[in-house]
Amino acid sequence: SDIVINMIGKHYETKHIVPTRRENGELSRVNYSFDETHVEIPRTLARLCKEAGIESFVHVSALSGSPSSESKWSRTKYAGELAVREEFPDATIVRPATVFGWEDRFLNSIADITEKLPFTPLLFGGETLTQPVFSNDVGKALFNIVNNHEQFRGDTFELAGPAEYSYKEVAEFVQDVTTVKKPLVDIPEFVGTAAGRLLDETVEPLLTPDQIIQMKEDCVLSGDPRVKTFSDLGMEPSSMDKYAFDFLHRFRPGGHFTQVEGYH
């Protein structure tokens, strides 16, 4: 290979059912921490690619990555970028915003929760901002970067959708698409954190305390003139309302057939 793309990442720290002994001798259920997944693995890959003479290394990080974030996930995403650049100085960094699409953990999760619970839970009044990006657009952007990898060496891209939404607006949008109307209920942070701690004990948690922290912080374009965006690739990002029905209609009572005469 002459181009390598790293997309390794995890939204929770993977763990065993029972504790195992780590390299430092400590017993822990965690087998891959955020530091290992988001920092050490990218560092190792970047170093090996440099040693192997790889022409271009593309590292997929996250738009929310920040050294000042309260979230360990977000801090390690930023630290991973620094680690990659230390080993491969002209690597291309790609920072996608919250991704939506057919198999996402964003719109589908909100629709699933709304369907199962008697209400749609919100945190922090649903005021936190997000700028969701379409999964296909991210794929096309990476394809474009690969085809022009020499041009984009050392660059950083922020990939986000065309509009900012509050989480409350996203929840209302999901309800409009699925036609499942439930009250929007603001959940206290301590309740969300408690639920996250409980679910974090499962092998594949649906919610973690760190994700609760992430929901405090806006995830939108920085506006930094030094970073590139879709426009630098000659692309216009897609809006949620253009594609969301394609994968959210399964949550409608009766599916999409309820809109067709004769299927009522």
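Which residues do ring pairs link into a cluster? Ring pairs join Phe100, Trp102, Phe134, Tyr243 and Phe247. The model is predicted: local features need pLDDT of at least 70, side-chain atom pairs count only at pLDDT 80 or more, and totals for chains, interfaces and linings use all residues. Residues are numbered from 1 along each chain as its sequence is written, and side-chain values use heavy atoms, without hydrogens and water.

**Aromatic rings**

Rings of Phe, Tyr and Trp (its six-membered ring) pair if their centres lie within 6.5 Å; planes under 30 degrees apart are stacked, over 60 edge-to-face, and the rest tilted. By this rule there are eight aromatic pairs. One of them is tilted: tryptophan 102 with tyrosine 243, 6.5 Å centre to centre and 55° between the planes. This pair links distant parts of the chain, 141 residues apart. Tryptophan 102 sits in the loop between strand E6 (99-100) and helix H3 (107-116), and tyrosine 243 in helix H8 (residues 240-248). Helices (H or I, at least four residues) and strands (E, at least two) are DSSP runs, numbered from the N terminus.

Buried means under 20% relative accessible area, exposed over 50%, and partly exposed in between (1.4 Å probe, protein chains only). Tryptophan 102 is partly exposed at 37%. Tyrosine 243 is also partly exposed, at 22%.

A charge also meets a ring. Lysine 50 lies over the face of phenylalanine 88, 4.6 Å from the ring centre. The rule asks for NZ of Lys or CZ of Arg within 6 Å of the ring centre and within 35 degrees of the ring normal.

**Nonpolar cores**

A nonpolar core is a set of buried Ala, Val, Leu, Ile, Met, Phe, Trp, Tyr and Cys residues joined through side-chain atoms within 4.5 Å. The largest has 18 residues, of which Ile145, Leu159 and Leu233 touch the most other members. Strand E4 (56-60), helix H4 (135-147) and strand E10 (156-159) each supply at least two residues of this core. H4 gives the largest share, four residues. Another core lies apart from it, with 16 residues, among them Ala111, Val177, Ala244 and Phe247.

Beyond its neighbours within four places in sequence, leucine 159 is in contact (heavy atoms within 4.5 Å) with Val94, Arg95, Pro96, Ala97, Val133, Val138, Ala141 and Phe230.

**Salt bridges**

The structure holds 17 salt bridges. Each is a side-chain nitrogen of Lys or Arg within 4 Å of a carboxyl oxygen of Asp or Glu.

| Lysine 15 | Aspartate 200 | 3.5 Å |

Lysine 15 is in strand E2 (residues 14-21) and aspartate 200 in helix H6 (residues 189-200), so their bridge ties together parts 185 residues apart in sequence. Lysine 15 is buried at 11% relative accessibility.

Arginine 43 in helix H1 (residues 34-52) and glutamate 86 in helix H2 (residues 72-87) are 43 residues apart. Glutamate 86 is exposed, at 56%. Glu40, Arg43, Glu86 and Glu87 are linked in a network of salt bridges.

Arginine 95 belongs to strand E5 (residues 92-96) and glutamate 81 to helix H2, 14 residues apart in sequence. Arginine 95 and glutamate 81 are buried.

**Cysteines**

How many disulfides does a search of the whole structure find? The count is zero, with a disulfide taken as a pair of cysteine sulfur atoms within 2.5 Å. Cysteine 49 is buried at 8% relative accessibility. Cysteine 219 is buried at 11%.
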